[in-house]
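Please read the following report alongside the sequence and the coordinates.

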Amino acid sequence: MIYSSETIDPFSNQSTYNVFALVMGGGVAGSSVAYHLTKRNIKDVILLEKEAVAAPTGTSFHSPGLVSASHPAHRYKPILAYSVELYSRLQDETGEVLTGTIRLATNPTRLQEFKRYVARDYYKEGDACKTSLLTPEEVAEIAPVVDTKQILGALYTTNDGMISASGLNKALVVGAKAGGVEVINSNPNSVRYDKEKGVWHVELANGSLVTAKNLLNAGGIWANDIAHLSGHELPMVIAEHQYATLKPSSPPPNTPAVIDHDSTFYLRKFGDNFIFGGFEPMEKVVFREDWYRKGVPSEGSRAIQPEFSRLEEAHNRACELVPSIRNAQVEAKAALFSMTPDGYPLVGPFDKDYWVSTGFLDGVSSGGGIGRYIADWMADGEPPLELFDTDASRYDRWATRQFIVDKSRETYSMFYNWSYTNRLGGRPTDRVSGVYGMLKRDKGHFSFRNGWEVPQVFDIDEEGMLSTLSREYQMVTNKCGVIDMSWKGKIEVKGEDSNALMNYAICTQIPPLGKIGSGLMLTRQGRLFAPLKIFHHDDTRSAFIMLTEPERESRDIYWLRRAAREKKFNVQVNCVSEYLASLALVGPNSRKVLSELTKSDVSEEGFPQRSTRLMRLGLVAVVCARSSTSTGQLSFELFHNRADSARLYQEIMRAGAPYGVVNFGQATMNMMRLEHGYKIWGRELTLDTNPFECGLGALVDFTKEDFIGKSAALELSKQNFSRRLELLTFDPADNPQVPLEWKSLPFGMEVVRREGHEERIGQITSGSYSVRLRRPIAFAWIDNEVQSSERLSVDIGSERMLIARILENIPHDPIQ
């Protein structure tokens, strides 16, 4: 594909190139993208590598070669499964050995975690990898090197295994070259963006000039040095990783790769030896901040010395669990790796057609899948599947260098710890609302979302989470509650063409001044890109506010700015989350509380549903939006300057005291929205569905002249789909063997079957407890052939099944 009509042969002049993509970095990450672009019939691609492929200075050379298809985030599993499939096809070149991987459970907590994981492993016939739970006896049979006296069980994934990372790297480069990619051994000297032509100009150290529509930074440990050439900085650290070749006295038998989540070591057979590595405790983790600031030496990994003592604890534990390595000769090694604070790589567009693929802490496991993901995104102009965890811009605007280092240190040292996800490293950031301190004082418990502290629940009592949430729910639905919503993503679109951009980017009618409404952004293929709430808050500036999720904030901004450039609209698209805060009043007494604080008419007639009003509450100016779509209760959301949050909150609590106002959190909000069937992004709504499949077809307005994805959406509207979203409930009378407690509830990803059958016919997307129905409740995708009258079973782990029924009518009439 030649994007420039002026260029016939992109390689006719060997010192000047005009290409679709320039890939900077020839390791597994970069070569995989180049390889997969050729599979999309895009041949005008340059792969830039400063020296020989898989040289010992870089990361790919030192990768332990573990290829694992198990991952705590199920969105990531298709990426890993495809990698396994691809590496199998390249087996002759890569030396892949499909022995599988076992993850050891040496304590009850880890065993319970693995049981829950298996319950959520949605495996169908034909899938590359399947995960199952092994008994100690089965571990001994499959992995005879493991001493099972301390093993309670293990997680076993079939058909993944081990690979020569260097062999993989070379195989991908050979495949890319066969598809038409040109490999150049040189470095970029300068990088600049041509705003007029929308292309990147790169001058190479060998004197060549490259003009590229797309620029991909896959520089590994040098990625930030490359980013500096264009004025960017990547939120990553450069970690020293310790590992070793262990040489036992006799060759080990064939065995799966072994991982111990508690002592965080990995072990894989390598010829007659083992490759051993691990993740040291936080106090022993070493990041090269000097090289991050000043640049990584050209020697790369050869510039550091092994220090195997950092892995002493992990090695001692490994010797207990695998006795044959106790007296093995240790050949210590060390390598540099780049990583991010959450352990996911940076993937996708970072700026105007400036792409990144770096920060891989999982070795080569995701290299194949991520390479195809980026190539498809470049070719199609939209991400091929939902993978927001890896968004390249997810740390924009809020992550300080101190946070990046502190959180990365915690993540590195706890790399295999899947259970403890709400970790405290680097928290809180500057992304706290003006009422965070007061909510913390009131015994709030918080989760972490894209830098924000999100209140989940307050004052957990001795009876536990279920009792506490039931109390919160009763107080809010019978009286009134206040919830901090400042963590929501907020995007402002303003300018003379703002209305035109909104109508082009959104398939729903845009609400007029004084109204708030729901809207959808679609991809060009008609898939669901983003559900939003929109209000038009300033008629004189033609300004709109779009409410989105914090994890999706940067991606939505990139999408809108790209649409504006495409249409040459004169608009500004900016994030305003840092200063536009929000508190919401919810419950039957919320109008009474509001009327105590303002002289404005907040009656049903004066302030109808889906309206917005500019008003003063005490001394605080707010845009008050009346919208009950996410709660099903009488609700008012109060948008205001973040500096006024504490004052507004205090006024609400003072005025609301006679009406029973209480704090409540997202866990109670989740109960409310499930009870009236409200679907949310990241759970029911993702890129992997479309409005008609998930029941939001009414939000697609085909009377609009044009919007992104209109023609594809029209075709989708005529189709029948193989699955549907349903609400399920779990009657305690049908489940006498399962105690009604918080840990027994389905929360998401659990497998759904017909009662008494093994075939998997669905999967839970989200769940909680319904106080109104006095039973658990959950959304699930289920096969369309399933009848509403059928009894279903849901696997919640520990060999326990919950009997479920489809809820045909929501339990109450929500306020519309």
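## Buried charged pairs

In this predicted model, Glu-726 and Arg-724 join their side chains in a salt bridge with an N to O distance of 2.6 Å, where a salt bridge is a side-chain nitrogen of Lys or Arg within 4 Å of a carboxyl oxygen of Asp or Glu. Glu-726 and Arg-724 are both buried, buried meaning under 20% relative accessible area, exposed over 50% and partly exposed in between, with a 1.4 Å probe and protein chains only.

A salt bridge also links Asp-795 to Arg-753, with 3.8 Å between the closest N and O atoms. Because Asp-795 belongs to strand β36 (residues 791–795) and Arg-753 to strand β33 (residues 751–754), this pair ties together parts that are 42 residues apart in sequence; helices (H or I, at least four residues) and strands (E, at least two) are DSSP runs, numbered from the N terminus. Asp-795 and Arg-753 are likewise both buried.

## Other salt bridges

Across the whole structure, the search finds 53 salt bridges. One of them pairs the side chains of Glu-331 and Lys-247 at 3.0 Å, N to O. Since Glu-331 lies in strand β16 (residues 329–339) and Lys-247 in strand β12 (residues 237–247), the pair ties together parts that are 84 residues apart in sequence. Glu-331 is partly exposed at 31% relative accessibility, and Lys-247 is partly exposed at 30%.

A network of salt bridges links Glu-240, Glu-280, Arg-288, Asp-290, Glu-307 and Arg-310.

Glu-553 is part of helix α15 (residues 553–567) and is buried, its relative accessible area being 0%. Beyond the neighbours within four places in sequence, the contacts of Glu-553 (heavy atoms within 4.5 Å) include Arg-397, Arg-431 and Lys-490, together with Asn-450, Thr-548 and Cys-575.

## Helix α6

Helix α6 comprises 14 residues (165–178) and spans 20 Å from its first C-alpha to its last, close to the 20 Å expected at 1.5 Å a residue; the expected span is 1.5 Å times one less than the number of residues. The helix is mostly covered, with 10 of its 14 residues buried, among them Leu-168, Asn-169, Leu-172 and Val-173. Just after α6, Gly-180 adopts a positive phi of about 115°.

## Backbone details in loops

The peptide bond joining Arg-427 and Pro-428 is cis, with omega about -10°, and Pro-428 sits in the loop between α11 (401–413) and α12 (436–441).

Arg-610, although not a glycine, has a positive phi of about 65°; this residue lies in the loop between α16 (590–597) and β28 (611–617) and is partly exposed, with a relative accessible area of 38%. Met-749, also a residue other than glycine, has a positive phi near 80°. Met-749 is placed in the loop between β32 (723–729) and β33, and it is partly exposed at 29% relative accessibility.

## Confidence and conventions

The protein chain has an average pLDDT of 92, and 95% of the residues score at least 70, pLDDT being the predictor's confidence in each residue, from 0 to 100. Over residues 1–13 pLDDT stays under 50, and for this stretch the model has 32 contacts beyond four places in sequence.

Residues are numbered from 1 along each chain as its sequence is written, and side-chain values use heavy atoms, with hydrogens and water left out. As the model is predicted, local features need pLDDT of at least 70 and side-chain atom pairs count only at pLDDT 80 or more, whereas totals for chains, interfaces and linings use all residues.
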